[in-house]
Amino acid sequence: MDTQEQPKGATSTATAELALDLRGVDKHFGGTKALRAASLAVRPGTVHALLGGNGSGKSTAIKILAGVYEADAGELTIFGENHLLLGYTSTTAAAAGLRFVHQDLGLFEDLSIEENFALDAGYPRNVLGGVRWGALRRQVAKVLAEYELDVDPRRPVHDLRPSDRTMVAIARALQGADTERLILVLDEPTASLAAHESNLLLEKVRRLADRGQTVIIVSHRLQEVLSVAHDFTVFRDGRVAGALVDAQPTEDELISIMAGGLVVALRPTGSQSHTTGRPMLEVNGVSSGPLRNVTFTAHEGEILGIAGLVGSGRSSLLQTLFGAFEPVSGTMTLGGSPFAPRSVDDAMRAGVGLVPENRVREAAFMDRSVRENLSIAMLAEYWSAKWMPRARETRKAEDLIQRFGVKVGGPSALFSSMSGGNQQKVVIARWLQRDPRLLLLDEPTQGVDVMSRADIYATIRRSAQAGCTVVVASSDMSELHALCDRILVLARGRITQEVLAGDLKVDELTSLVLREPSTRKTIYEPTALEETTTS
Amino acid sequence: MTDTAAPPVPPATESIVTLKRTPLIARIFENYALVILTALVFLFFTFYPASSAAFPTINNLNVILGSQAVIAMIAIAALFPLVSGHFDFSLGATAAMAQVLCAGFMANSGWPIWAAIVVPILIAGVVGVLNGFFVTRLHMNPFVTTLGMAMLLSGVTLWYTGGQTIISGIDPAITRFGSMRFMGLPLVVYIVLAVAAVAWYFFTHTPYGRSLYAIGSNAASARLVGVRVDRNVWWSFIVAALIAGGAGTMQLARMGSATASAGNELLFPALAAVFLGATAITPGFFNVWGTVVGAIFVSISVSGLTLSGASGWASNVFNGIALLAAVGLSTYLGRRKRRG
């Protein structure tokens, strides 16, 4: 479905006119090919959008440009100058004129704007080696004016509005060089911004381009990209699925390129839901953190998916159900009785388990053994005997290791000695050993290899079959499509859609999630529930 | 059920991947290296001409064990916050305060012995409550907070004693107790062993102790498996202070007098024992029995050095070197273990 691939012959002659020309890049991680003959051609003075779903390879391409990863093969030309991709580092990238501003802006929030500039470019000094604050202030004020930032350089960064913070990061990245010879790469610049802040920022980015600045922008939010970009390159499965030059595509066209022919889901469901139709979890008008008036019901034995972009409130929803956050308003019931967990152990006692999104930071005890990582969730239960013999825990751990197919030296092996997939199996086993009534999974297969992924899916299905209600939040649409009986789409804290398994294909689901809700109305209809329960 | 992707549950033998395992002998050696080293140091001073006359006598061993009992007790106290990843520098000062208060209550206020023992321990507990409050509720840095607390306590005890050593008016029952023996060993040694046994039970067989290790490993993960992180860390400061208070009254029983001090002569050897302990039994991790062995190692070495004619500064130098070596070694072992 290549809409308008750059003609092969044209690239070599057009190289001189291109700001950046990346050709034939291969990159593999272990057995998986992240990039296959990928290319990116950016015209000077334009905003170029780099698009693609999860795992499409766009992040890998950016990281190769930044010198984080080394490409296996490929050529790179920046402003007519050839750069070897072998031995290409972040220093070469900077020397070649690439400037990166990531989602995490890398600003020192508590320091003033001028110090943020000076820490990057150096402080102007007087003869004694002291800082010439006056000179620094004048210099920074000049740069800020250039970037249409009407702020005092002495103000600390955390005082600024979010879009201005991003602009400060951009100005800092571009300071002190001929901006026409620089390429600004914005990696998900609006992911953590509210809609009006995004618009302010994008307007300024567009004006930068009008002044001759070359910009590459990576974003999930198609509407925003459409409003600002001249050219588009869409990645899918490590290849260029489409390159549109000076085009005005519609959102639907882009989505179809991005989602088109997505690899088949591991196994589509639909026919074999295990739900008994008895409501297990009822959430009524819950607001908490980014969540706004969320209402839904999950049933016994049902696998319910929560789809949504980063920042849509997926994780907040699960953490609220797990008692880690207390909702501001709304009520919940679990198994028919009121459920208002005030802490995580409240929720655990009520039969809830959570596999958090960030395994390393929120689930792992890296320097402890597998046995201890498993038994930590059972301390209260084991304590009933007032004695916690290691032998009993070891037996239990051996049993779980075998039941969940964990590949590990044994219960006494350190958690950190396992691969990501096996670590995740242990974290899931940690909760399933408690026979939870409600299992919450946040990105259950992130950083997990394909084989472990299949094992984990099977494990989830088996526990649903045993009557456990499973809620899966994921940014991977093929995962939700393969696993779930029903999927709720969450956008900016609200449930905007409800989809039954088998109703939609993966690419349709992807487009539902990618499409920003134009109106903020809740499309949730309680009647749809009855259909699920009887199916 | 058309579950085509049936879980490939491999037979048990296949799920066990053979890892690079240290041979059993090597592991025993690693776990008990400190015990072996302690024995070697003991043998050395027994046969070293300069110390062989005084060192291996029952009397000297009693002195060693008796005087080091207090330090071992403070070392066990320090374990509680350390296991959960927090430093408590006020334990030495807390013990010194309890010692002075216990003596002062008997000598100056004429309190009965039981009240003069119990009240200082409770006051020590209040110090732990404050430390825990500052660290868990106000999120103050534990290192600086407890250092400040130590300074505050030593100042207050100095004010209480007016700089005088309290020596008369102390109930002789408590000093009698301090020099009492049971089966040839000072009674206080059994108390320390009992405290160690209870601490071991706490750390290995109660949810509270196990949760402290989890918190020390990853507090965010601990919170998401239902551990009340703040509450348990707070309790670790309280328990540590209570044990240190007990150690203070024990010190009074041993010495029969009390002088205001910052308690550093108690705290630093205790920390050396704790960190040395982290190199033994379960290498790389703080543990109770390793701590006890560490305390014995430090006391035997210091006593041997003193009896071979080394000057007073030798014990400080030794404790300093032991602390540095212990921290270095336990960090190295921990890191190697974490790497797998």
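Which residue of β15(A) is the bridge partner of T333(A)? In this predicted model, in which local features need pLDDT of at least 70, side-chain atom pairs count only at pLDDT 80 or more, and totals for chains, interfaces and linings use all residues, that partner is P338(A). Residues are numbered from 1 along each chain as its sequence is written, and chains are lettered from A and ligands numbered from 1 in the order in which they are written.

Chain A contains 20 helices and 20 strands, taken as DSSP runs numbered from the N terminus (H or I, at least four residues, for helices; E, at least two, for strands). Of its 535 residues, 50% count as buried; a residue is buried if 20 or more other C-beta atoms lie within 10 Å of its own, exposed if 12 or fewer, and partly exposed in between, with C-beta atoms placed from the backbone. Among the contacts of chain A with a separation of 6 or more, 71% join residues 24 or more positions apart, a contact being two C-beta atoms, placed from the backbone, within 7 Å.

Strands pair here if DSSP finds at least two bridges between them. Six bridges link β11 (residues 279–288) to β12 (residues 291–299), and V286(A) has V294(A) as its bridge partner. These two strands form a hairpin with two residues between them, where G289(A) in the turn has a positive phi of about 55°.

Elsewhere in chain A, strand β9 (residues 231–236) has five of its six residues buried. Strand β3 (residues 47–52) runs parallel to β9(A) and is joined to it by five bridges, with D231(A) as the partner of H48(A). Five bridges also join β9(A) to β10 (residues 239–244), in the antiparallel sense, and V234(A) is partnered by G242(A). In the hairpin of β9(A) and β10(A), with two residues between the strands, D237(A) takes a positive phi near 50°.

In chain B, helix α13 (residues 264–277) reaches 19 Å from first to last C-alpha, close to the 20 Å expected for its 14 residues, the expected span being 1.5 Å times one less than the number of residues. Of these residues, 11 are buried, including L266(B), P269(B), F275(B) and G277(B).

Helices α9 (residues 187–205) and α14 (residues 288–307) of chain B pack at about 150°, with axes 9 Å apart. The contact involves A196(B), A199(B), W200(B) and F203(B) of α9(B), and V288(B), W289(B) and V292(B) of α14(B). Seven of the contact residues are nonpolar, none polar and none charged, where Ala, Val, Leu, Ile, Met, Phe, Trp, Tyr, Cys and Pro count as nonpolar, Asp, Glu, Lys and Arg as charged, and the others, Gly among them, as polar.

The largest nonpolar core has 257 residues, of which M73(B) and I74(B) touch the most other members. Helix α4 (residues 58–83) of chain B gives the largest share, 16 residues. Such a core is a set of buried Ala, Val, Leu, Ile, Met, Phe, Trp, Tyr and Cys residues joined through C-beta atoms within 7 Å. Leaving out residues up to four places away in sequence, M73(B) touches V192(B), V195(B), I243(B), G246(B), A247(B) and M250(B).

Key:
Axes are lines fitted to C-alpha atoms, for helices over the stretch in contact, and angles run from 0 to 180 degrees between N-to-C directions.
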